[in-house]
Amino acid sequence: MPLEVAAGDLIRLPVALVNNLPEEVKGSIKFQIEGKGVSLALPSLVDSKFSLKEEQRSRKMYDLNVHNERESCRITIKGNSPHANDSISREIEVVPSGFPFQIFGSGLIEPGMKDTHNFKVPKELLKGTMKTEIKLYCTPAGTLTEAIKSLNKSPCGCFEQTSMTSYPLTMAVQYLKSHEGTDESLLASCLKNLSSGYERLKGYECKNGGF
């Protein structure tokens, strides 16, 4: 199941059915979708029946339509039979179609002063896809915390890519540990990603030294 889909996409979702018993198994597959961004192409298949002979394997395909709703949808699939029950749940992020872009503006507001920023909105902007966000930081520490959140990424890729992610995390962890009132959950997340990066880097070490 994909992690992210765009409005207008069609998800072709395979569901595997396996019967390892020496007898026929009958049951049902039930879909539960939380959110308006995704729906079954055939609503009648929300609760469908299946029958498997002894030691039989099968696969059912379900089509899901993606609508123009910017949100996170949770899809849960439940398999029920007199012999056993099983379920799986995944969250899908629905985003608008087209190429995303961001426009930023920043400034310093003095007491009793006003600050204005003008942005040019492209004519090609899809209706209903624009999202605005305003953040105010009362102290420099707030700005640094936000910067650390942008640096806190899960290490991946080759040695150079892993190093580029892990090295800034060492400085971020040092800052969070040396200052009071920092976000404990952010520190825990940074430590987790830093530990993961360290383990990945050890895997690139050569027996004769170096990486």
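1. Cysteines first. The sulfur of C156 sits 9.2 Å from the closest cysteine sulfur, that of C158, which is too far for a bond. The cut-off here is a pair of cysteine sulfur atoms within 2.5 Å, and by this rule the count comes to 0 disulfides. C206 is in no disulfide either, with the nearest cysteine sulfur, in C158, 14 Å away. On accessibility, C156 is partly exposed at a relative accessible area of 49%, and C206 counts as partly exposed at 34%. (Buried is under 20% relative accessible area, exposed is over 50%, and partly exposed is in between, using a 1.4 Å probe and protein chains only.)

2. Ground rules before going on. This is a predicted model, where local features need pLDDT of at least 70 and side-chain atom pairs count only at pLDDT 80 or more, while totals for chains, interfaces and linings use all residues. Residues are numbered from 1 along each chain as its sequence is written, and side-chain values use heavy atoms, with hydrogens and water left out.

3. Now the sheet. What is the strand order in the open sheet? The 5 strands run β1-β8-β7-β3-β5, with mixed pairing. Strands are DSSP runs of E with at least two residues, helices are runs of H or I with at least four, and both are numbered from the N terminus; two strands pair if DSSP finds at least two bridges between them. β1 (4–6) and β5 (47–52) stand at the edges with a single partner strand each, so one side of each has no neighbour in the sheet. On average, and ignoring direction, neighbouring strands are turned by 30 degrees against each other. For the axes behind such angles, lines are fitted to C-alpha atoms, for helices over the stretch in contact, and angles run from 0 to 180 degrees between N-to-C directions.

4. Leaving out residues up to four places away in sequence, V15 touches I29, S58, R59, K60, Y62 and I77, where contact means heavy atoms within 4.5 Å. V15 and Y62 are 47 residues apart along the chain, yet their C-alpha atoms are separated by 7.7 Å.

5. Aromatics. Rings of Phe, Tyr and Trp (its six-membered ring) pair if their centres lie within 6.5 Å, with planes under 30 degrees apart counted as stacked, over 60 as edge-to-face and the rest as tilted. By this rule the count comes to 2 aromatic pairs. The ring centres of F31 and Y62 are 4.8 Å apart with planes at 55 degrees, so the pair is tilted. This pair links F31 in strand β3 with Y62 in strand β6 (residues 57–66), 31 residues apart, and both residues are buried. F159 and Y204 form an edge-to-face pair, at 6.0 Å centre to centre and 85 degrees between the planes. F159 lies in helix α2 (residues 159–178) and Y204 in the segment after α3 (184–202), so the pair ties together parts 45 residues apart in sequence. F159 is partly exposed at 27%, as is Y204 at 29%.

6. Helix packing. The axes of α2 and α3 come within 9 Å and cross at roughly 145 degrees. Residues that meet across this crossing include F159, L169 and V173 in α2, and L187, C190 and N193 in α3.

7. K153 is in the loop between α1 (140–151) and α2. K153 and N193 are 40 residues apart in sequence and 6.8 Å apart in space, C-alpha to C-alpha. Not counting residues up to four places away in sequence, K153 touches T165, L169 and N193.

8. Last, a backbone check: E55 has a positive phi near 55 degrees and is not a glycine. E55 is found in the loop between β5 and β6 and is exposed, with a relative accessible area of 51%.
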